[in-house]
Each structure stands twice: as structure tokens, then as C-alpha cells.
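Where do they sit, and which of them pair up?

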Amino acid sequence: MGKKILVTGGTGYIGSHTVVELINAHHEVVILDNLYNSGISVLDGIRDITGVKPEFHQIDLCDKERLDAFFAGRDDIDSVIHFAAYKAVGESAEKPLMYYHNNLNSTLNLLDAMIRHGISNIVFSSSCTVYGEPDKLPVDEQAPVKEPSSPYGNTKQVNEQMIRFTVEAGHPIRGISLRYFNPIGAHPSAKIGEAPQGIPNNLLPYITQTAFGIREKLKVFGNDYDTPDGTPIRDYINVVDLSKAHVVAIERLIDQKNKKGYEFFNIGTGRGHTVLEVIQAFERATGQKINHQIVARRPGDVEKVYADTTAANQELGWKAEKTLEETLLSAWNWEKAYRQNKNEQ
Ligand code: NAD
Ligand code: UD1
């Protein structure tokens, strides 16, 4: 029997795109998600794109017994890509314990189950938030991990350390953390994409909802930063490109090419764009005007961060390929398809 890849959080935004790329690369996938922040209909989107509806289990990773029951008796899984987590930075500041509970216990239970059931490989979703406001740009993996600016960011740091120390303790686990910069966009088919609940916190869903008329105007948080137009700079990475990095990373572990046991890589484009540049690029790519207004800075925002991707390029052989414009267009096409689908339901 071929070995399967377990994808936790696989019905979520990045997880679902990664499931598609894993299937495209001829891997068998099992999804585990508690559907806290995603819907079961995502499985239909994956099936429409790939022709395969992956095996799915609705399980909360914090439920140690159910997780154990899931792994017991199945020897067909040898690798895990671990996306499942809460991810709203602002909410984590208001409800820190909820974030520590979910984001730490889930990984703890998972690592524990992996060791007991002989599963070796784990790719973990980390974030460039671990670098805080970097001293040097572009930021590479040698840059220090900074004091966390939110409980969410802290859970990413602790998760990375949990995996590293588990590997270093000599357990038969190999791990790679991928530090994502700002994932945006959707699958070009517009069958899957980002579907945030309520008012979006992130820039791109706010832009597409404003273009669609759901939000009246986009608030641009500050134009007095030390950047060419005064708005903050980020490295916006296409979600399909990002997903392909997971395929490469898990294959590196399966093929035992990571000699170090535990590694971490920046996953970005290497290019920084200001908020106003993103708005202009969106307008160019889609022909939609974005009503926007400059307002005060958002507390906790860093001024500029973009990736040095040399390690991912050279070690993983991975590189971001899509342009900002095609990525923004994919986000817009997804927003329209998603709204139409919702109306028809
Ligand atoms: P998402 O919310 O769309 O997906 C996460 C999925 O995990 C959801 O389907 C949710 O239902 C599930 N989940 C949460 N807690 C669970 C639990 N205890 N048990 C089982 N399932 C659980 O988020 P996303 O944007 O796809 O992010 C995926 C991962 O990438 C997260 O770890 C996130 O922190 C990380 N990340 C995301 C971004 C980003 O901008 N989206 C940036 C950096 C890192
Ligand atoms: C945030 C988190 C990061 C997390 C990521 C994904 C912080 C400091 N960082 O990144 O840890 O991994 O979300 O959840 O919170 N913007 C506006 N108007 C808006 C929304 C955003 O101007 O309505 C601006 C922000 O000021 C920022 C840029 O757009 O300059 C991107 O913001 P966002 O999409 O929220 O991502 P980050 O803040 O970079």
C-alpha cells in the first residue's frame, strides 16, 4: 500500500490548496480538521479540481483520545503536514489562553501520537511573524527570533521549538517549519480560496470584499512609515506557490534528504510591496476601483518585512513563480465565484 500524507487543517485556506497540489503530485491524502474555521464543501472544490475527493475525518486535535483512536490500527500514514491552528492575531491578544490551548495542545498531541504510531515526517506552518521587525532586509533564516508581538506569534515560536527539541532529543521525527510571509490569492479555477468569517482582518479579503461592495471602503492603516509611499511593506506570496513549497518539503522528508533532522525556511517572493502598491496592482489587474482611506496605524504592525528566499531556492529547489497581478486577479475571481455560490445556496 502507498503511504499517505495526513493534512491537518486540510479544509482551511492554505491546507486545501496544498491538498490539491499533493494530489496533483500523485500523493494520497487524508484530511483531518474540526471544521472550526472551514466548511465541508471545500472537499467538493478539491474534487472538482483534481477528480479526487480525499478521505476526511472531523477530529479536534486537542481531543487526545480521538486522535489516538484515529491513528490506532492504521499503518498507511507516514507523514503529516500540520496546518491546523487558530490564526487571528487580534483575537489572540484578547483571548490568549484560547490560542495557547488550541495551538499548543494540537501540536503536542500530534507529535506524541506520531512518536507512538511510528510516523516520522512533519511539515509545520510557521510565519514570518517570528522575526518581528527585522534588523536587516530582506530577512533570512539567520535573523534572530524576536520577542513575540502577540500570543498567536508566540504559539508559532513555541511550536517550532517543540518540533526542534523533539527531533534533537533523538525521537524518530524529522521536521521542517515553513515560515510563510503573506499568503494571498486563490486557485486559478476559483473553486477554492480564502473564506474568512465576519469582517476580514487581512488586507486581501478586505480589498476583494470592498470591490464586491460588501465593505464600503478599505481603511489603510497609516501612511507615515519609512517606506516610499508611507504605507507598510510586505512580501505577498501566491497561495498555490506556497502550497507547492509544502509538496517539496514533505518529499524532502520522505526521501530523507534533510540531513539536519530539523530545518526551517522562509517562503515568500523576495519582493516587498506597500499597501498602496497592492491596491494599485489590484485595480490594474481587475479593472475594479478600491475605495480607500488612510487612517491611523494599526497597533502591532511592523513597518517592512520581506524574505530572503535563497535557502528555499537552493536547498528546497523551490521558487515563487506567479506575478502579483495574476495573484490578485485570482483573489478577485474567487471572491466573485464564492459570492455567486453563496447566493445560489
Ligand atoms: P485556516 O483557518 O483557513 O485553516 C486552519 C484550519 O485548521 C481550519 O480549517 C480549522 O478548522 C482547522 N483547525 C483549527 N484548530 C483545529 C483543531 N484543534 N483541530 C482540528 N482542526 C483545527 O487558516 P490558514 O490561513 O489556512 O492557515 C493555515 C496555517 O498557516 C495556520 O497554522 C496559520 O497559523 C498558518 N499561517 C497562516 C498565514 C496566513 O496569512 N493565512 C500566515 C502564516 C502562517
Ligand atoms: C498578520 C500578522 C501575521 C499573520 C498574518 C496572517 C501582525 C503583525 N501580523 O500579518 O502574524 O501571519 O496576519 O494572519 O498582525 N492593512 C490595511 N488595511 C486592512 C488590513 C491590512 O491597511 O484593512 C495593511 C496592514 O497594515 C499591513 C498589510 O495591510 O501593512 C497586511 O496586513 P495583513 O493582511 O493583516 O497581514 P500582516 O499584518 O502582515
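Start with lysine 257, which counts as exposed because its relative accessibility is 52%, and the cut-off for exposed is over 50%. Keep in mind that what you're looking at is a predicted model. You'll find lysine 257 in the loop that runs between helix H8 (239-254) and strand E11 (262-267).

Now for the pairs. Side chains of opposite charge can pair when their charged atoms come close. How many salt bridges does the count come to? The answer is 24. Here are three of them, with the distance from N to O.

| Aspartate 112 | Lysine 64 | 2.5 Å |

Let's go through them one by one. The salt bridge between aspartate 112 and lysine 64 links distant parts of the chain, with the two residues 48 apart. Aspartate 112 belongs to helix H5 (residues 96-116), while lysine 64 is in helix H3 (residues 64-71). Are these two buried, partly exposed or exposed? Aspartate 112 has a relative accessible area of 29%, so it is partly exposed. Lysine 64 is at 37%, so it is partly exposed too.

Which side of the burial cut-offs does each partner fall on? Aspartate 140 counts as buried because its relative accessibility is 18%, and buried means under 20%. Lysine 136, on the other hand, is exposed, with a relative accessible area of 54%.

Then there's glutamate 168 with arginine 164. Both lie in helix H6 (residues 151-168), and they are four residues apart, which is about one turn of the helix. Glutamate 168 is exposed at 53% relative accessibility, whereas arginine 164 is partly exposed at 28%.

Salt bridges can also join up into something beyond a pair. Which residues are linked in a network of salt bridges? Look for Lys4, Glu55, Arg74 and Asp76: salt bridges link these residues in a network.

Notes
Residues are numbered from 1 along each chain as its sequence is written. Chains are lettered from A and ligands numbered from 1 in the order in which they are written. This is a predicted model: local features need pLDDT of at least 70, side-chain atom pairs count only at pLDDT 80 or more; totals for chains, interfaces and linings use all residues. Side-chain values use heavy atoms; hydrogens and water are left out. Buried means under 20% relative accessible area, exposed over 50%, partly exposed in between (1.4 Å probe, protein chains only). A salt bridge is a side-chain nitrogen of Lys or Arg within 4 Å of a carboxyl oxygen of Asp or Glu.
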